[in-house]
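My notes follow the order in which I checked them.

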Amino acid sequence: MEYETVIGLEVHVQLDTRSKMFCGCPADYQAAEPNTRTCPVCLGLPGALPVINRRAVEYTVMTGLALHCRIPEFTKFDRKNYPYPDLMKGYQISQYDLPLALNGHLEIDGDPDLEYGRRPIGVERVHLEEDVAKMQHFPDDAEGYSLVDVNRSGVPLMEIVSKPDLRSPEEARQYLTSLHSMVQYLGVSTGNMQDGNFRCDANVSIRPAGSDTLGTRTEVKNMNSFRSVFMALEYEVERQRRVVEDGGTVVQETRGWVEDRGVTVSQRSKEYAHDYRYFPEPDLPPLNVGSEWVDRLQSALPELAPQRKARFQEEYELSEYDADQLTVSRATADYFETTAALTTDTTNRPAAAKEIANWMTGDLSYLLNQDHRDIADCPVTPGGLSELLGLIADGTLSTSLAKTVLEQMYATGASAPEIVREQGLAQISDTAAIEAAVAEAIAANPKAVADYLSGKETAARFLMGQVMRITKGQAQPELALQLVQAGLDAKRP
């Protein structure tokens, strides 16, 4: 029997605010000593009263607007009750039936294997809550114990809940990468998955192909990268298929992804909404979200990745692939546009833009990946890259020399002109100097000369390589090739 996969995602995004959701404690908990970003409110002490973080509400509304959601005029916070050691109060302040944003969508290209094409994935809701404390377990110790760090407790957490519209792990990955790009473009979150700023839980089920009835779903947790999400969902879909085909029944439960084993494992039975005993938070007032305020936020939304990609294709005449690569993050797109604005070649803007794109997606990207660095932390500034490209344009550097200079710029932070001046790396354009190297190469390689004279044109390229070796890569390549061919042709009978 053929089965259809049904996936819905719950994405938790830590908002990039200076203070926590309901108190004035700094939200910069990542590098802080344990339990140093706390107060009576986030510790859940008796009598401590929460106060709503306006910026967190603003960021959530902005995200809802970017997702084409409806922003209700009335919203409120609720208590979500469940006993767990990382929940200091014994309940979490969240939103239940009246969230800040409802019924939106996010477009994805769709899984090519399913032939759905580009289509919208429904967003059921976007709501705001507080993060919980962080637990660290030490099971391998002789006695075994756990520690709680309360620094993260109370950090603003935005939850984006999709509808069960995703039909494969590939579509889930597309949805997540698009959403990740969106929150970064909006500036509402760093989106750093390694630090837990962007976390995902997935609800997965299967059903007979053509059926409209949803199957029993499992929730999969502990996925901390896009790759983990894809692999965990692939495993879980196959696991459920095997269970059903073997005559078993999929049970509603929460399962955890175990990265090193490549499997999901059962953690606990899945709760229902009524298990949390939601009720309105008595210590916080309901919120009336004014339409004028929403309109101001709507008009202030930045250009997002899809719009920027389309503009790059039109304005800079870039290919779809290049525009897609350059708009994958706001920092990358900003780097490109800043470099393009600094270029001195205004006569052929598309060619200059293409050259910048090639360097960014090629050599610069390689250096960043080797160093596990984001372009926002790149030692080579847009101005530095523009200077380097200027030295290529005026003939000071060949492309191969420029690659060497870029590596040194990245390693030392020095500018391209400084490196060229200090190391004498300027390209040799003097005909006499190159002719001397050509004569040396021809004299040292009689077999290559004979091959060329017998009709093997590629021998000239080999000899040009020898000229580049002799000049330590500094000979102007085009001139070197011309002089090699002239020297070889002079030897014809």
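How many bridges join strand 3 to strand 4? I counted four, between strand 3 (residues 78-81) and strand 4, which run antiparallel. Helices (H or I, at least four residues) and strands (E, at least two) are DSSP runs, numbered from the N terminus. Two strands pair if DSSP finds at least two bridges between them.

A note on the source: this is a predicted model, where local features need pLDDT of at least 70, side-chain atom pairs count only at pLDDT 80 or more, and totals for chains, interfaces and linings use all residues. Residues are numbered from 1 along each chain as its sequence is written, and side-chain values use heavy atoms, with hydrogens and water left out.

I traced an open sheet of three strands in the order 4-3-14, with antiparallel pairing. Strand 4 (91-94) and strand 14 (279-280) are its edge strands, each pairing on one side only. I also looked up R79, whose bridge partner in strand 4 is I93.

**Salt bridges.** My rule was a side-chain nitrogen of Lys or Arg within 4 Å of a carboxyl oxygen of Asp or Glu. The whole structure has 36 salt bridges.

I took K76 and D97 up: their side chains meet at 2.9 Å, N to O. K76 sits in the loop between strand 2 (74-75) and strand 3, and D97 in the loop between strand 4 and strand 5 (101-108), 21 residues apart. For exposure I used relative accessible area: buried is under 20%, exposed over 50%, partly exposed in between (1.4 Å probe, protein chains only). K76 is buried at 13%. D97 is partly exposed at 45%.

Then I checked D334 with R308, a salt bridge with its closest N and O atoms 2.8 Å apart. D334 lies in helix 7 (residues 330-342) and R308 in helix 5 (residues 305-315), so the pair ties together parts 26 residues apart in sequence. D334 is partly exposed at 32%, while R308 is buried at 8%.

D324 and K309 form another salt bridge, with closest N and O atoms 3.7 Å apart. D324 is in helix 6 (residues 320-326) and K309 in helix 5, 15 residues apart. Shared partners join E303, R308, R311, E315, D334, E337 and R349 into one salt-bridge network.

**V265.** I found V265 in strand 13 (residues 263-269). V265 is partly exposed at 26% relative accessibility. Leaving out residues up to four places away in sequence, V265 touches T254, R255, G256 and V258 (contact: heavy atoms within 4.5 Å).
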